[in-house]
Amino acid sequence: MARDPEKLLYAESHEWCDVAEEGGEKVATIGISAFAIEQLNDLVYMDLPEVGKQVTAGEEFGEVESVKAVSPLYSPITGEVVEVHSELPDNLDQLNDDPYDFGWVIKVKVSDDSNLSSLMDAAAYKKQCAESG
Amino acid sequence: MDTPAPSGLAMNTSLSTTPLDAWHRSAGAKMVPFAGYEMPIQYSSIVTEHQACRTSAALFDVSHMGRIRFDGDGSEQLLDHLLTRRVSDLPVGGVRYGLMCNAEGGVLDDVLVSHLKTPSDRRFHLLVVNASNHQKIVDWITPHLPDFPTVTMSDRTELTAMIAVQGPKAIDVCKKLFAFDPSRLKYYQATITDQFKKPVIVSRTGYTGEDGFELIVRAEEANRIWENIMLAGRDEGFAAAGLGARDTLRMEAGMPLYGHELNESIDPISAGVSFACNLKDRSFIGDDALRAVKAAGPKQVRVGMIPEGKRPAREGCDVLDADGKKIGFVTSGGPSPTLGHPIVMAYVDAEYADAKQFQIDIRGKTVVANVTPLPFYKRPTKA
């Protein structure tokens, strides 16, 4: 089922976050917003963490590179990486077409969701993009 | 993630715009501050613009570069005194690449000097300097002018625009547009022609590794000329290209960029541009320092490398020897759209000049990089 960008949470730094219950655990799927992908343009490389790594809300967990520059990826949530989308770095072109489904980057078992309230809903995020674009 | 700086924000410093500014914005360019100007970094995609230049032709607005004109007897002698390359034997119609150094041999700028003649037979020299060094160079030359009282220096930057048309189809399309057929120019030759009776300086030069030319026109003519070329090249796939593609193109062509491969703390011999230094039988500012470097040998050398894997090494990454000791640094690096893998230019200690392989520390992870001759890309020679 296609993920609805209107129902996701967004970090100021342009990562999206989709929190769901999986087997009694809260698991967050994290990706990059369509707006950011369009801004970055010409993606060439992505560096992802390994499964088992701890990530912290607001801290870097990987990198995505365009022809021009390196952009750090920041985790919107704190927890442990339980899955990594290993096919993505070899198919960065598809990020443009499908940032919310094929374009998921990592899944994190949430250990602390206290910062969820500081993430934006789609409307607030759209406003941020409009103001910066 | 950090996205690139948004366009159109009010800046607290006043930035200049080129005469083509409105065109860039209407074409949807992403504008960025660069060397005091608001410049297009890309219109749609750096890769697409890069490929247009390699396969058809790309148009670049390079009006931000400085254009400084020298009139009067003694211009050759003044420029001879300032440049690492002899200017006094440059014939009318010639263009030469040279460097301007300080007394210690550090590079103040790399420049092109053209010797031109107006239709009314007035000869002059035109110096094209990097945008970021424009004011520095004017300030550097000014105190020398009293020694050459018959020379007049005039800064033509604001009055003119400069357009680069680069790519395999540039010449054939553009020869239809001007009173003079630019394909009659050899590489590094220039002339003054006209379009609709308005003067155009055409030189067969460029900064992309492709054939093509650079035009200098009056500021008020810039949009008309630009649009004429775009229209003439429409069916051939001409594209407007920004500073992003200009950088990937020049990197593939192994060309040094001021502020990256060149700066005041490096001399031209260590920078690998000793071909642009005539040290025999002449004196110019910095000549003694450069002779000393030549005699002792440079302390570092510029090398081209191809890192293994897909991860691009960027400017500032450390270059390490096989034991992990830092022996150099990357000056320019990124993915090569033409070659499909990352490329790197770096300085390494001169004792490693013959090494075939290094390691590069890319933000904490080391990758092996194999030395390769520069340029990375050379355009196919015509049959």
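Where in chain B is the place of Asp121(B)? In this predicted model, Asp121(B) sits in the loop between E7 and E8 of chain B. Its phi is positive, at about 75 degrees, although the residue is not a glycine. Asp121(B) has a relative accessibility of 53% and therefore counts as exposed, the cut-off being over 50%. A positive phi also occurs in chain A, where Asn41(A), likewise not a glycine, has a value of about 65 degrees. Asn41(A) is located in the loop between helix H1 (34-40) and strand E4 (43-47) of chain A. With 17% relative accessibility, Asn41(A) falls under the 20% limit and so counts as buried. Most residues other than glycine have a negative phi, and most peptide bonds are trans. A cis peptide bond, with omega near 0 degrees, leads from Leu374(B) to Pro375(B). Pro375(B) belongs to the segment that comes after strand E20 (365-372) of chain B.

Chain A contains an open sheet of 6 strands, arranged in the order E1-E2-E3-E9-E8-E5 with antiparallel pairing. Strand E1 (9-10) and strand E5 (54-55) of chain A form its edges, each of them pairing on one side only. Within this order, strand E8 (residues 78-84) and strand E9 (residues 104-112) of chain A run antiparallel and are joined by 6 bridges. In this pair, Gly79(A) is opposite Val110(A) of E9(A).

Lys68(A) is found in the loop connecting strand E6 (60-66) and strand E7 (70-74) of chain A. An unreviewed UniProt entry assigns the feature "modified residue: N6-lipoyllysine" to Lys68(A). Because its relative accessible area is 36%, between the limits of 20% and 50%, Lys68(A) is classed as partly exposed. Beyond its neighbours within four places in sequence, Lys68(A) contacts Ile41(B), Ile46(B), Gly244(B), Asp247(B) and Arg314(B). The side chains of Lys68(A) and Asp247(B) are joined by a polar contact of 3.4 Å.

Ile46(B), one of the residues in contact with Lys68(A), is also among the buried residues of helix H2 (residues 46-55) of chain B. At the start of H2(B), the backbone nitrogen of Val47(B) lies within 3.2 Å of a side-chain oxygen of Ser45(B).

The largest nonpolar core comprises 38 residues, and Phe60(B), Tyr97(B), Leu99(B), Leu262(B) and Leu290(B) have the most contacts inside it. Two or more residues are contributed by each of H2, E4, strand E6 (95-101), strand E7 (107-117), strand E8 (123-129), E10, H7 and helix H8 (287-296) of chain B. The most come from E6(B), which gives 4 residues. Residues up to four places away in sequence being left out, Leu99(B) touches Leu82(B), Leu83(B), Thr84(B), Val107(B), Asp109(B), Asp110(B), Leu262(B), Pro268(B), Val273(B), Ala276(B) and Cys277(B). Another core, of 29 residues, lies apart from the largest one and includes Val173(B), Leu185(B), Val217(B) and Ala240(B).

Notes
Residues are numbered from 1 along each chain as its sequence is written. Chains are lettered from A and ligands numbered from 1 in the order in which they are written. This is a predicted model: local features need pLDDT of at least 70, side-chain atom pairs count only at pLDDT 80 or more; totals for chains, interfaces and linings use all residues. Side-chain values use heavy atoms; hydrogens and water are left out. Buried means under 20% relative accessible area, exposed over 50%, partly exposed in between (1.4 Å probe, protein chains only). A polar contact is a pair of N or O atoms within 3.5 Å; within protein, one must be able to donate a hydrogen and the other to accept it, and residues adjacent in sequence count only if both atoms are side-chain atoms. A nonpolar core is a set of buried Ala, Val, Leu, Ile, Met, Phe, Trp, Tyr and Cys residues joined through side-chain atoms within 4.5 Å. Contact means heavy atoms within 4.5 Å. Two strands pair if DSSP finds at least two bridges between them. UniProt positions are given in the numbering used here, feature names are shortened, and annotations may be inferred rather than shown by experiment.
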